[in-house]
Amino acid sequence: MKYYDDLRSFIDALDDMGDIMHVTREVDGDFEPSAITRRSYEIQSPAPLFHKVAGVAPGFRLFGAPASLSSRADMPYARVAMSLGLAPGSSGPQIIEALSAARSQPGIPPVRVDSAAAPCQQNILRGDDATLDSFPIPFAHDKDGGRYANTWGTLIVKSLDGKWINWSIARVMKVDGKRMVGLIVPSQHIGQIWTEWVNAGKPMPYALVQGPASAISCVSGIPIPAHADEADYIGTLAGAPVPVVKAVSIDLDVPATAEIVIEGHVSIHRDCQEGPYGEYGGYLGEGSSAQPTFHVETITHRDDPIWPMSITGRPTDESHTLWAMGLAADALTHLRDAGLPIKTAWIPEDSTVHWLLVVVPQDWHERLPGVTSHELSQRIGDVLFRTDAMVFIPKVYVVDDDFDPTNLREVVWALSTRVHPVGRRVVFDDQRVIRLPQCYEEQEYVAGKGAKVVFDTLQATRHLHASFEQGYPEDVRRRVLENW
């Protein structure tokens, strides 16, 4: 296992295993990089690294699909695993266990380094020179409201009293060279902190960090408890503190090895239109909403900087790998903390974060004597639907552990044969609903309320599978394999 402390060493490691596609011809600065990246997701090709982008200075690069499925069929989650310092062959459940386990360990706070030791400040742009127009920011989709300046970068903000520092990912659209507009959801951590600044009548300082160590991007995109610092959690995963440096113009620390850092303040009003944007559900966006303006005041960057991007849409991209694993790890942690016997939790990539599978072990009856499968499903829903992260998940399936939840073919088989057409489910009415899940009706989005459901698919009696593994004597299977 190895932790990569900057984006460049991570890209080099992917390149060594054949998982980087070098695009050396010049691509346009509008749609071509995003179209190539989107196709790379859909055919599971190596991650594209664009060396020449029209309209920007030579040396500026774009990097697509940083945490999607690997092109290596023998290690599909290698990009996520390697980002987190895990072995490239780690399975999805192993990654989820690591994310969950780190939450119960003491955090390792970041360490501040001198600016001379911070590559992110090799170049400092101020005033009129601090313009987004200098950087390769393509359109993500052709129906989007603008060029999205943030799809895989880390937003850093801190509470008014300075006690809570939040690193997160949120979509941010470029308005012009000096302004961006970002989606700030009140219930999310960045929204809670922004509200503090609004109530005080003060613009919120922010830093938008492009291309930090891959673990930083990954952890910024997953749920961890409120008031916990992502930097400390990343230190736990890395086994060493994250090096940070004081930002040039604001009172925030930023990752020292980042590629690009944009500094400024966020307006106290929702004074600019953001969107539409093609989201993780797999559909092009429609409509826009009023969101706060991110004013660009200072930009620092490494020599020949790399701007990473995630082009969300139909499976499989970072929303369906990394973010889904983070949500599953959050669910697993809460369920185990509630004393429920849970083997693992998994969100199939192809469900576009609309399904959560909760896998229970074969001995769950012994561990919960007298509890029926319906009651267990009720308890699972009671725990999950009180958590913030589950606002994104409308459907939960409680399943046995006799199949591989990461194998979509097995998932479809199990759910098709075990979900009752009308019964064996627990419906939770009047749950919090936001617009990102695609399965609700307009009146439910307007009300912010809708139903969520837990399907009880547990078998009263375990049935043997009509499969090679379970349908034949061991000596026959061995003979077949020896002579295959």
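**Strand pairing and pockets in the predicted model**

Strand E2 and strand E3 (residues 61-64) pair in the antiparallel sense over 2 bridges, where strands are DSSP runs (E, at least two residues) numbered from the N terminus and two strands count as paired if DSSP finds at least two bridges between them. Within this pairing, Leu49 stands opposite Phe63 in E3. Residues are numbered from 1 along each chain as its sequence is written, and side-chain values use heavy atoms, with hydrogens and water left out.

Strand E2 (residues 47-50) is covered on both faces, with Ala47 and Leu49 buried on one side and Pro48 and Phe50 buried on the other; buried here means under 20% relative accessible area with a 1.4 Å probe, protein chains only. Strand E1 (residues 20-23) runs parallel to E2 and is joined to E2 by 4 bridges, and the partner of Ile20 in E2 is Ala47. Together with helix H2 (residues 32-43), helices being DSSP runs (H or I) of at least four residues, E1 and E2 make a right-handed β-α-β unit, in the sense that, with the strands pointing away from the viewer, the path from the first strand over the helix to the second runs clockwise.

A separate open sheet of mixed pairing is formed by 3 strands in the order E4-E12-E13. Strand E4 (111-112) and strand E13 (253-255) stand at its edges with a single partner strand each, so one side of each is left without a neighbour in the sheet. Strand E12 (residues 243-246) and E13 run antiparallel and are joined by 3 bridges, with Pro255 in E13 as the bridge partner of Val244.

The largest pocket has a volume of about 950 Å³, a pocket being an open set of points on a 1 Å grid over the protein atoms alone, with protein on both sides within 12 Å along at least five of seven lines, and a volume being the space filled by probe spheres set on points joined across faces, edges and corners. Of the 45 residues that line the largest pocket, with an atom within 4 Å of a point, the closest to its centre are Ile169, Gln188, Gly221, Trp323 and Phe392. Helix H8 (319-337) gives the largest share of this lining, 6 residues.

Methods
This is a predicted model: local features need pLDDT of at least 70, side-chain atom pairs count only at pLDDT 80 or more; totals for chains, interfaces and linings use all residues. Buried means under 20% relative accessible area, exposed over 50%, partly exposed in between (1.4 Å probe, protein chains only). On a 1 Å grid over the protein atoms alone, a cavity is a set of points where a 1.4 Å probe fits but cannot get out, and a pocket is an open set with protein on both sides within 12 Å along at least five of seven lines; lining residues have an atom within 4 Å of a point.
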